[in-house]
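Please report on the side-chain contacts and helices of this protein model. Keep the account plain and state the cut-offs used.

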Amino acid sequence: MSGPNLHNALLRPPIIQILRAAGFHATRPSVLDTLADLTARYMMILASSATAHASNAHPNDPTPVLEDIYQALQDTGALRPQLRGWEEDWQCDEDMRGLEGFLSWFTGPANQEIRRIAGFVPSEGDVVDTDFLEKEDFLMVLKKKHSKTGEESRYAGTVLGKSAEEHPIVIEGGAPSIQEWGTQVRSRAPYFAESDSSGVSSAPSNLSDADGMDV
């Protein structure tokens, strides 16, 4: 599976859970794919904006910090209503309405319902082990569901599992490493140079015989 297809496939379950939390119980695949594409584009814009602010604010260490994320959220319209910086300076007061609204949504009932649908918050009447709670998300559950052994070994070295130790892969009938392949190519270079020195390939013997040709 290619990168974009895998990322879209990983976005589909969270979007389905958000739709369920909002009260939707069915949708068309084309609508779901459109929402996944819009979500991916929005996340790319948010990440690009945070990276740009980090590069401008502290180019020696361009790792985004909280202030860069805050400005990126402003750029992408996540914090509204919000005054501009020069408006805050003119009023001598920092506008916190957008940030407070975002925090109230993040910690409010809407996001709590999304977390309940996703399995992070137990429903009323559910008996849940507190040690198990919030240790497994939907992706971990799906991985265990589709793994017959329940082990992480099948996902090792992929984006879904832990990083695997690098080891050389021997190709049957080929060179064991790229270095040895380069050595073999360089060793064949004089042979190819001698065979192509004339610049003209020899013609078949039956074509070089003028008597055997009809004129």
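Asp37 is partly exposed, with a relative accessible area of 33%; buried means under 20% relative accessible area, exposed over 50%, and partly exposed in between (1.4 Å probe, protein chains only). The side chain of Asp37 meets that of Arg41 in a salt bridge, 2.8 Å from N to O. A salt bridge here is a side-chain nitrogen of Lys or Arg within 4 Å of a carboxyl oxygen of Asp or Glu. Both residues lie in helix H2, four residues apart, about one turn of the helix. An α-helix has 3.6 residues a turn, so residues three or four places apart point the same way. Arg41 is exposed, at 53% relative accessible area.

A further salt bridge joins the side chains of Asp33 and Arg12, at 2.4 Å from N to O. Asp33 belongs to helix H2 and Arg12 to helix H1 (residues 3–21), so this pair ties together parts that are 21 residues apart in sequence. Asp33 is partly exposed at 39%, and Arg12 is partly exposed at 30%.

## Basis of the model

This is a predicted model, in which local features need pLDDT of at least 70, side-chain atom pairs count only at pLDDT 80 or more, and totals for chains, interfaces and linings use all residues. Residues are numbered from 1 along each chain as its sequence is written, and side-chain values use heavy atoms, with hydrogens and water left out.

The protein chain averages a pLDDT of 76, and 63% of the residues score at least 70; pLDDT is the predictor's confidence in each residue, from 0 to 100. Among the elements of the chain, H2 has the highest mean pLDDT (93) and helix H9 (residues 205–208) the lowest (49). Helices (H or I, at least four residues) are DSSP runs, numbered from the N terminus.

## Span and burial of H2

Helix H2 covers residues 29–57, and its 29 residues should span 42 Å at 1.5 Å a residue; the end C-alpha atoms are 42 Å apart, which agrees. The expected span is 1.5 Å times one less than the number of residues. The buried residues of H2 are Leu32, Ala36, Ser49, Ala50, His53 and Ala54.

## Salt bridge in H6

In total, four salt bridges are counted. One of them is formed by the side chains of Arg116 and Glu113, 2.7 Å from N to O. These residues are three apart in helix H6 (residues 109–118), about one helical turn. Arg116 is partly exposed at 31% relative accessible area, and Glu113 is partly exposed at 26%.

The whole structure holds three aromatic pairs. Rings of Phe, Tyr and Trp (its six-membered ring) pair if their centres lie within 6.5 Å; planes under 30 degrees apart count as stacked, over 60 as edge-to-face and the rest as tilted. The ring centres of Phe102 and Phe106 are 6.4 Å apart and the planes are at 20 degrees, so the pair is stacked. Both lie in helix H5 (residues 97–107), four residues apart, about one turn of the helix. Trp105 and Phe106 form a tilted pair, 6.5 Å centre to centre with 55 degrees between the planes.

Phe102, Trp105 and Phe106 form one aromatic cluster. Phe102 is partly exposed at 27% relative accessibility, Trp105 is partly exposed at 42%, and Phe106 is partly exposed at 46%.

Key:
Helices (H or I, at least four residues) and strands (E, at least two) are DSSP runs, numbered from the N terminus.
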